[in-house]
Amino acid sequence: MGSLLSLNIVDGTVLALLGFASVAALVYLLSHRMRARRVDDGLPSRRLLLRRWVLTVALGAGGGAVIAILTIILTEVVLNLFGTPLEFDTHAWVVASFAASGVAIVNIWRSRWWRKAIAGVSVVLFLATGAVGINAAFGTNTTVASLIGVNVGRPLSVPRPTLVPTPVPTNTAAAVVAKPRPLWQTWAPPPGMP
């Protein structure tokens, strides 16, 4: 688990793998899920089904892009959460992630269970790809552990406190009981310290 947490996410390899997986998922989700139907059964023709699908995908992607733009305006302009305007590539990552997520969300309705499962996993994949892309642009968190806020460094070895024996009055059965004393009483400066 430590090697996964220590994986460098800024060098481009992880971003390339996530990008490839996102593109593959998006291509699958964009593919038309049309069954073979006969036109004389009174069902819509393939051409009409394809038009409906293209319109549905366009609405999903457009809706996701609109939500992304509203999110950017809210966080950057209205609330000024970052204190400075964000760069174009950050905006592009946010809009692309949200638009692809919109395409995945429209794939949930009227589809088979495996397409719904792929669409659900794809939303997480698209948002993770966007987050890693934005992080790579800034270079802030270089590893998976630093991105999620986990410390994977070696723990420091701290010496155990020394116990100083204190005398006990002679009227008790025990002769000496070890009791820790405060640091200000036991600390001595190292030699040569001014």
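How many nonpolar, polar and charged residues are in the lining of the second largest pocket? In this predicted model, the lining has 10 nonpolar, six polar and one charged residues. The pocket holds about 280 Å³ of space. It is lined by 17 residues, and those closest to its centre are F82, L86, T90, V94 and I134. Helix α4 supplies the largest share, six residues.

The packing of the helices was examined next. Two packed helices are described by the angle between their axes and the distance between the axes.

Helix α3 (residues 46–78) packs against helix α4 (residues 88–106). Their axes come within 7 Å and cross at roughly 140°. Angles over 145 degrees count as roughly antiparallel, and 65 to 115 as roughly perpendicular. α3 and α4 are therefore oblique to each other. Their crossing is right-handed. On the α3 side, the contact is made by T56, V57, G60, A61, G64, A65, I67, A68, I69, T71, I72 and E76. On the α4 side, H91, V94, V95, F98, A99, G102, V103 and V106 take part. By class, this contact has 13 nonpolar, six polar and one charged residues. V94 of α4 belongs to this contact, and V94 is also among the residues closest to the centre of the second largest pocket.

Helix α4 also packs against helix α2 (residues 13–30). Here the angle is about 35°, and the axes lie 10 Å apart. α2 passes α4 in a left-handed crossing. From α2, the contact uses L15, L26, L29 and L30. From α4, it uses W93, A100, V103 and A104. These residues divide into eight nonpolar, no polar and no charged. V103 of α4 touches α2, and V103 is also part of the contact with α3.

Helix α2 has a further partner in α5. These two helices pack at an angle of about 145°, with their axes 9 Å apart. The crossing of α2 and α5 is left-handed. In α2, the residues involved are L15, L18, G19, A21, S22, A25, L26, Y28 and L29. They meet W114, R115, I118, A119, S122, L125, F126, A128, T129, V132, G133 and A136 in α5. By class, the contact of α2 with α5 has 15 nonpolar, five polar and one charged residues. L15, L26 and L29 of α2 take part here, and L15, L26 and L29 also meet α4.

Definitions and conventions: Residues numbered from 1 in each chain as written. Predicted model: local features only at pLDDT ≥ 70, side-chain atom pairs only at ≥ 80, totals over all residues. Heavy atoms only, no water. Axes fitted to C-alpha atoms, helices over the stretch in contact; angles between N-to-C directions. Helix = DSSP H or I, 4+ residues; strand = E, 2+ residues; numbered from the N terminus. Parallel < 35°, antiparallel > 145°, perpendicular 65-115°, else oblique. Left-handed = near helix turned anticlockwise from the far one by under 90°. Contact = heavy atoms within 4.5 Å. Nonpolar A, V, L, I, M, F, W, Y, C, P; charged D, E, K, R; others polar. 1 Å grid on protein atoms, 1.4 Å probe; cavity = no way out; pocket = protein on both sides within 12 Å on 5 of 7 lines; lining within 4 Å. Points joined across faces, edges and corners; volume = space filled by probe spheres on them.
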